[in-house]
Amino acid sequence: MATREQLAGQTEPATTVLLTVECQQGVVGPGSALPELAREARSSGALHNVARLVSAAHEAGVQVIHAVAERRPDGRGANSNARLFRAAERLPVQQHSGSTAVRIAEPIEVAEQDLVVRRLHGLSPIAGTDVDALLRNLGCRTLVVTGVSANVAIPNAVFDAVNLGYTAVVPSDAIAGVPADYTPAMIRNTLALVATVTATDDLLGCWLRGGGRSGGGRGGPEARRSG
């Protein structure tokens, strides 16, 4: 792991963006289409740590982007070229645009200044979406990646961020996958090779040193629930 000084240098609020990946009700909420993943995200504390990081980002002036995966009810534009996509079509809970399933899940708070990026296709929250352009317009140099799943979307996001020239930071206790022992193996053998691996508390220490910057940076701490 990086030292506190190295981490602080990488995650300056003005040039850092926090990305939450698929932290939506239909994925990690009580009525998830993927109950095993939802249980792991909650029981491991990963979802709680994502919420803590989002709250600290609001206070410190770090921009937050929520990446949501959804599909049209008619499936138009969605992939069908992998077993994962075909299985998703048969799940009892569908991530339909405009439905409760694609709202950001509790306990994560969505603030007025947050950006929500929705995708109708693919595996990555970055490739083929508006995220890269938004990051560049925001002056981002470091992307903090959180959420689910460590099996697919999280490594996709990290690889895409690195390939696009961003420094990727992964709080290891703010991501989840299944089975439970897969996530630490993925982090140790793959993500640690290309990203700075840290812990939620260490990142909070960097952002909230000196009490944070309430009202400064890219936005204050005022938050509201996603509608």
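Analyst: Happy to! First a definition: axes are lines fitted to C-alpha atoms, for helices over the stretch in contact, and angles run from 0 to 180 degrees between N-to-C directions. Helices (H or I, at least four residues) and strands (E, at least two) are DSSP runs, numbered from the N terminus. This is a predicted model, where local features need pLDDT of at least 70, side-chain atom pairs count only at pLDDT 80 or more, and totals for chains, interfaces and linings use all residues. Residues are numbered from 1 along each chain as its sequence is written, and side-chain values use heavy atoms, leaving out hydrogens and water.

User: Thanks! At what angle do H7 and H8 cross?

Analyst: The axes of H7 (residues 153–163) and H8 (residues 182–194) cross at roughly 20° and come within 9 Å.

User: How do H4 and H9 pack?

Analyst: H4 (residues 46–60) and H9 (residues 200–207) pack at about 10°, with axes 10 Å apart. That makes H4 roughly parallel to H9. The contact includes Arg 52 and Leu 53 of H4, and Asp 201 and Trp 207 of H9. Its residues are seven nonpolar, two polar and two charged.

User: New topic: where are the cis peptide bonds?

Analyst: One joins Val 148 and Ser 149, with omega about -5°. Ser 149 is in the loop between strand S5 (142–148) and H7. Another runs from Val 178 to Pro 179, with omega near -5°, and Pro 179 sits in the loop between strand S7 (175–176) and H8.

User: What about Glu 22, what is its phi?

Analyst: Glu 22 has a positive phi of about 55°, although it is not a glycine. Glu 22 lies in the loop between strand S1 (16–21) and helix H2 (25–28).

Definitions and conventions: Parallel < 35°, antiparallel > 145°, perpendicular 65-115°, else oblique. Contact = heavy atoms within 4.5 Å. Nonpolar A, V, L, I, M, F, W, Y, C, P; charged D, E, K, R; others polar.
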